[in-house]
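Hi there,

Here is the structure I promised to pass on to you.

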Amino acid sequence: MTDIILITHALTQWNLENRIQGHTDVPLNQKGRYMAERLAWNLRNEIIHAVYTSDLRRALETAQPLARQKKLVIHQDMRLREGRSIFQERSDHYPTLTFPVEVETESIVLERMMEIMQIIGEAHTGQTVLVVSHGAAVDIFISHLLSLYPEYPMTYDNIRMAINRLFFENGKWYCLSLNQAVH
């Protein structure tokens, strides 16, 4: 069994402005950096064996305080990125990074999230792993898991930086707890 702590990245200025970030490489703002520090503090007594994030700065910056605390290397993977949308905003300061398609459907996002999450789950059997991704990607992934098990008496609220505890065993995903706010 692999324990997964899955969270969305901390706050950015674009979140406050309700701007779609998509693959735009926006950093955390001051409150977001504080949230990342709080996450590390709240998980200080947890044994965590590995940390994975998307390759976008806001996810990486969210994981850095915990990785420093636990003396872990952060593994970045673009499959953990937010979905790409035609509504994505672009700017000269934060150019859109390269990615195979201009627009991703939910099924494309789910497919790549399922792929990388299974790789993580299989690579860390018997361990606990922190995974930092993005709001829509996490929502699509967890919503899919909940749809597989309609008997689960839980819902997913997509709360920024909430701890979502999952486990992976024998090729199957299970939700232990969702929406645990830590900031």
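Below are some notes on one helix pair and on several salt bridges.

First, the ground rules. This is a predicted model, in which local features need pLDDT of at least 70 and side-chain atom pairs count only at pLDDT 80 or more, while totals for chains, interfaces and linings use all residues. Residues are numbered from 1 along each chain as its sequence is written, and side-chain values use heavy atoms, with hydrogens and water left out.

**The helix pair**

Helices (H or I, at least four residues) and strands (E, at least two) are DSSP runs, numbered from the N terminus. Helix H2 (residues 30-42) packs against helix H3 (residues 57-70) at an angle of about 35°, and their axes are 8 Å apart. Axes here are lines fitted to C-alpha atoms, for helices over the stretch in contact, with angles running from 0 to 180 degrees between N-to-C directions. The crossing of H2 and H3 is right-handed, that is, the near helix is turned clockwise from the far one by less than a right angle.

On the H2 side, the contact (heavy atoms within 4.5 Å) is made by Ala36, Glu37, Leu39, Ala40 and Trp41; H3 contributes Glu61, Thr62, Pro65, Leu66, Arg68 and Gln69. By class, the residues of this contact are 6 nonpolar, 2 polar and 3 charged. Ala, Val, Leu, Ile, Met, Phe, Trp, Tyr, Cys and Pro count as nonpolar, Asp, Glu, Lys and Arg as charged, and the others, Gly among them, as polar.

**Salt bridges**

The structure holds 8 salt bridges, each being a side-chain nitrogen of Lys or Arg within 4 Å of a carboxyl oxygen of Asp or Glu. For exposure, buried means under 20% relative accessible area, exposed over 50%, and partly exposed in between (1.4 Å probe, protein chains only).

Glu61, one of the H3 contact residues, also forms a salt bridge with Arg57 (3.6 Å, N to O). Both lie in H3, 4 residues apart, about one turn of the helix. Arg57 is partly exposed at 35%.

Asp55 and Arg81 are joined at 2.7 Å, N to O. This pair links distant parts of the chain, 26 residues apart: Asp55 is in the loop between strand S2 (50-53) and H3, and Arg81 in the loop between strand S3 (74-76) and helix H4 (106-123). Asp55 is partly exposed at 27%, whereas Arg81 is buried at 2%.

Arg79 and Asp77 meet at 2.6 Å, N to O. Salt bridges with shared partners join Asp77, Arg79 and Glu115 into one network. Arg79 is partly exposed at 22%, and Asp77 is buried at 14%.

Best wishes
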